Amino acid sequence: MKKKPICSICKKKIQPDANGWDGTNNAQPVNDGLCCHSCDRTVVFPARLTQYYTDELQSKEMTDE
């Protein structure tokens, strides 16, 4: 039996999602590990959006100079 991976954010065992998919998610940019579906939606995805829009804003400021 395969051992369930542990979420690098909430430290719980990663369970299958509502559709039965038993994979994991990349936790970057929060950390270099894997994460569960809940942390992917509530922590990682918002962090990626923040990073994207921060990078876009910085890029726009650089081209405006």
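**Notes on the model**

1. Let me start with Cys39, which counts as buried at 7% relative accessibility. Buried here is under 20% relative accessible area, exposed is over 50%, and partly exposed is in between, with a 1.4 Å probe and protein chains only. Cys39 sits in helix H1, residues 37-64. Helices (H or I, at least four residues) and strands (E, at least two) are DSSP runs numbered from the N terminus. Setting aside residues up to four places away in sequence, Cys39 touches Cys7, Ile9, Cys10 and Val44, where contact means heavy atoms within 4.5 Å.

2. Some ground rules. This is a predicted model, in which local features need pLDDT of at least 70 and side-chain atom pairs count only at pLDDT 80 or more, while totals for chains, interfaces and linings use all residues. Residues are numbered from 1 along each chain as its sequence is written, and side-chain values use heavy atoms, with hydrogens and water left out.

3. Which residues make up the largest nonpolar core? There are seven: Cys7, Ile14, Ala27, Cys35, Cys36, Cys39 and Val44. The term covers buried Ala, Val, Leu, Ile, Met, Phe, Trp, Tyr and Cys residues joined through side-chain atoms within 4.5 Å.

4. Cys7 is in no disulfide, and its nearest cysteine sulfur, that of Cys10, is 3.7 Å away. Seen from Cys10, the closest cysteine sulfur is the one in Cys7, and 3.7 Å is too far for a bond.

5. On the overall layout, the protein chain has one helix and two strands, running β-β-α from the N terminus on. The radius of gyration is 16 Å, well over the 11 Å that the globule rule gives for 65 residues, so the chain is more spread out than a compact globule. (That radius is taken over C-alpha atoms, and the rule is 2.2 Å times the number of residues to the power 0.38.) Along the principal axes, the C-alpha atoms fill a box of roughly 60 × 20 × 15 Å.

6. A few totals go with that. Buried residues make up 18% of the 65 residues. Of the contacts with a separation of 6 or more, 19% come from residues 24 or more positions apart. The chain exposes about 5,200 Å², with carbon and sulfur atoms supplying 54% of it; areas are from the Shrake-Rupley method with a 1.4 Å probe, and for residues only the protein chains shown count as cover.

7. Further along in sequence from Cys39 comes Tyr52, 13 residues apart from it and 18 Å apart in space, C-alpha to C-alpha. How many aromatic pairs does a search of the whole structure find? It finds one. The rings of Tyr52 and Tyr53 have centres 5.0 Å apart and planes at 80°, so this pair is edge-to-face. The criterion is Phe, Tyr and Trp rings (six-membered ring for Trp) with centres within 6.5 Å; planes under 30 degrees apart are stacked, over 60 edge-to-face and the rest tilted. Tyr52 is partly exposed at 46% relative accessibility, and Tyr53 is exposed at 53%.

8. Asn25 belongs to strand S1, residues 25-26, and is buried at 13% relative accessibility. Beyond neighbours within four places in sequence, Asn25 is in contact with Gly33, Leu34, Cys35, Cys36, His37 and Asp40.

9. Two backbone spots to look at. Most residues other than glycine have a negative phi, and most peptide bonds are trans. Lys11, not a glycine, has a positive phi of about 70°; it lies in the segment before S1 and is exposed at 58% relative accessibility. Gln28 and Pro29 are joined by a cis peptide bond with omega about 15°, and Pro29 is in the loop between S1 and strand S2 (34-35).

10. Last, Pro16, also in the segment before S1 and partly exposed at 38%. Pro16 and His37 are 21 residues apart in sequence but 8.3 Å apart in space, C-alpha to C-alpha. His37 is also one of the contacts of Pro16, along with Lys4, Trp21 and Asp22, once neighbours within four places are left aside.

Note on methods. A disulfide is a pair of cysteine sulfur atoms within 2.5 Å.
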